[in-house]
Amino acid sequence: MPDEIGYDPNLVDYKYDPAKARALAAEAGYPNGFTMPLYYSTGVYFGTVETAEAVALYLKQNLNVTSKVEGIQLIKLLQMLGRIARDPKGEYVGVAGLPIANLPTPLLGVSLAYSGAFAMQKNEKLDALLAQADSILDSTKQAPLIKEMMRLEQEDLSTITLWQYVDIYAMKKNIEYTPMRHGLEVVYLPRVVD
């Protein structure tokens with residue numbers, strides 16, 4: 001995200017181009033589409049099922065890809081991802097809450113989404129950059145390594161960012177609360193007193 005360490009304004013999202021997508025699918029040997037599962041985690045993030053349904057509709061409309069949309073509890077999904085990540089021929093397509101932006105450091109999101117036990121992406125260069133960045137305590141020195149990791153991810157395109165959460169807070173006038181800028185924040189309501 002723009003205010004995170006390692007943000008690179010020169011990396012731009014790919015444009016929505018159904019004609020190019022059809023040409024690439026035909027080039028890959030799928031001119032008439034195919035059928036595939038499309039997973040999403042249940043009970044974790046708001047909007048995931050609606051996003052999965054929208055993705056399925058776009059895939060059908062633009063590429064004649066029929067998606068069998070299936071919601072799976074997060075723990076079962078993580079178990080499945082762990083198995084698939086260890087299988088060199090493993091395949092997975094899903095709508096997920098990863099990678100997550102605005103963590104205390106982008107290295108957490110990178111390690112969760114692109115390296116480690118549940119990552120579908122296998123990129124030795126990215127893994128080496130992550131290990132190097134993780135060994136540096138000075139976040140300003142991590143920035144160029146994070147930029148390079150995001151450049152590699154954009155080349156591999158193992159994930160496509162569809163949306164980013166926006167947290168909205170409403171407070172009574174006599175309650176003071178300052179949200180964190182970076183981090184997964186939990187407000188335990190019984191402890192908020194007025």
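In strand 3, Tyr 40 has Val 95 as its bridge partner. Strand 1 and strand 3 run parallel and are joined by 2 bridges, where two strands pair if DSSP finds at least two bridges between them. The model is predicted, with local features needing pLDDT of at least 70 and side-chain atom pairs counting only at pLDDT 80 or more, whereas totals for chains, interfaces and linings use all residues. Residues are numbered from 1 along each chain as its sequence is written, and side-chain values use heavy atoms, with hydrogens and water left out.

Strand 1 also pairs with strand 2 (residues 66–73), in the parallel sense and over 8 bridges, and there Tyr 39 stands opposite Glu 70. Helices (H or I, at least four residues) and strands (E, at least two) are DSSP runs, numbered from the N terminus.

The structure holds 3 aromatic pairs, among them the two tabulated here; rings of Phe, Tyr and Trp (its six-membered ring) pair if their centres lie within 6.5 Å, and planes under 30 degrees apart count as stacked, over 60 as edge-to-face and the rest as tilted.

| Pair | Centres apart | Planes and class |
|---|---|---|
| Tyr 16 and Tyr 58 | 5.9 Å | 85°, edge-to-face |
| Tyr 39 and Tyr 92 | 6.0 Å | 5°, stacked |

Tyr 39 lies in strand 1 (residues 35–42) and Tyr 92 in the loop between helix 3 (74–86) and strand 3 (94–95), so this pair ties together parts that are 53 residues apart in sequence. With 15% relative accessibility, Tyr 39 counts as buried, that is, under 20% relative accessible area, with exposed over 50% and partly exposed in between (1.4 Å probe, protein chains only).
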